[in-house]
Amino acid sequence: MTLLEVKNLKTYFHTKGGSVKAVDNVSFKLGKGEVLGLAGESGCGKTTTCLSIMQMVDFPGEIMEGQIMYENAFEVIDEDRKKSLRDRILNRNPGNEKRTRNLLEFSEAEMRRIRGNHISMVFQGAMNALNPVHRVGNQILEVLNIHEPELEKEDAWDKVIDILETVGIDSARARDYPHQLSGGMKQRALIAMALVNNPDIVIADEPVTALDVIVQSQVLKATKELQRKFDLSMIMITHDLSVIAEVCETLAIMYAGKLVEYGDLRTLFKEPFHPYTQALINAFPSITGPKKDLFDIGGSPPDLRNPPEGCRFHPRCPKVMPICSKKIPSETPIKNGFVACWLYEEEEK
Ligand code: SF4
């Protein structure tokens with residue numbers, strides 16, 4: 001069952017030098033209980049895509065076009081609007097009250113009910129994401145109070161302790177300040193904050209980047225256990241393919257604001273289609289296979305104020321063809337997904 005569907009999303013940042021096309025026509029689906037990895041080099045639009053889902057893109061950013069269809073959106077809509085929508089939907093399609101709505105049509109008040117309650121985010125940089133002058137437990141309590149103000153003080157505190165223990169933090173540490181926790185514990189506290197309101201979807205933005213490899217592995221293991229326990233849908237943003245390999249089932253590769261390949265993780269790791277995905281995987285050292293030189297993707301990502309014509313990867317692509325610099329490749333279906341590359345299109349090259 002599809003829980004979230006992003007359709008043709010475009011988010012631009014308007015600067016004096018022109019509009020930066022940070023997310024340009026991105027589409028993907030997220031199923032119930034699915035963990036999707038969103039990977040690519042820094043600046044390729046991964047975080048902006050997810051901030052657009054949450055509608056947290058700050059000025060000078062703007063969501064220009066697209067739809068973000070969320071399955072359980074209907075219940076948060078303001079009562080008046082819900083009534084008129086319900087009437088319209090039922091008039092058009094009697095007996096079928098569709099729950100999926102486009103989040104981009106939601107008011108800020110409605111989005112506040114979505115954020116945290118239905119879709120929550122674990123932000124980048126556990127070291128800085130917590131407020132240094134408030135106790136960790138109180139920071140989680142604050143998030144809980146925003147969405148469940150009717151909870152009695154004691155019940156709310158019990159819930160905070162419960163969620164801290166669920167993520168593997170001893171209840172006694174709830175009264176600690178962030179500087180008293182290790183990096184791994186801070187990251188777990190942020191995960192607890194994202195889970196405390198029982199969301200359907202958690203977006204984790206580079207959740208283990210700042211941690212050493214041993215703590216990384218512990219946090220990833222805990223994340224996977226929690227995801228299974230709560231049957232969460234997750235989007236894991238990372239530039240580290242080893243993180244994706246550990247927790248994700250599907251993989252979406254972004255390059256210069258576009259989704260270039262999307263599909264099931266095993267298939268893409270075994271047989272990547274897009275030259276950029278192939279390069280990313282070849283740039284990753286194998287622990288078990290024979291030693292070989294790592295592949296270096298020459299050049300650097302383009303200036304997104306003025307991206308290259310045609311395929312945006314063409315100035316760096318080892319398989320570039322004449323058509324690549326002229327026309328944008330469309331999304332060609334492959335095993336359980338798609339690839340945007342002229343190598344796989346039927347049209348005359
Ligand atoms: Fe390379 Fe052309 Fe495919 Fe782009 S469309 S990845 S330039 S072969």
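**Aromatic rings and their surroundings**

Tutor: Let's start with Tyr344, which is partly exposed at a relative accessible area of 26% (buried is under 20%, exposed over 50%, partly exposed in between, with a 1.4 Å probe and protein chains only). Keep in mind that this is a predicted model, where local features need pLDDT of at least 70 and side-chain atom pairs count only at pLDDT 80 or more, while totals for chains, interfaces and linings use all residues. Residues are numbered from 1 along each chain as its sequence is written, and side-chain values use heavy atoms, with hydrogens and water left out.

The structure holds five aromatic pairs (rings of Phe, Tyr and Trp, the last by its six-membered ring, with centres within 6.5 Å; planes under 30 degrees apart are stacked, over 60 edge-to-face, the rest tilted). One of them joins Tyr344 to Phe273, edge-to-face, at 5.4 Å centre to centre with 70° between the planes. Phe273 sits in the loop between α10 (265-270) and α11 (275-282), and Tyr344 in the segment after β12 (337-340), so the pair ties together parts 71 residues apart in sequence (helices are DSSP runs of H or I, at least four residues; strands are runs of E, at least two; both numbered from the N terminus). Phe273 itself is buried, with a relative accessible area of 14%. Elsewhere, Tyr255, Tyr276 and Phe313 make up one aromatic cluster.

Lys21 belongs to strand β2 and is partly exposed, at 21% relative accessible area. Not counting residues up to four places away in sequence, Lys21 touches Thr11, Tyr12, Gly257, Leu304, Arg305, Pro307 and Arg312 (heavy atoms within 4.5 Å). Pro302 is 281 residues from Lys21 in sequence, yet their C-alpha atoms are 11 Å apart.

Antiparallel β1 (residues 2-15) and β2 are joined by 11 bridges, and His14 has Ser19 of β2 as its bridge partner.

Definitions and conventions
Two strands pair if DSSP finds at least two bridges between them.
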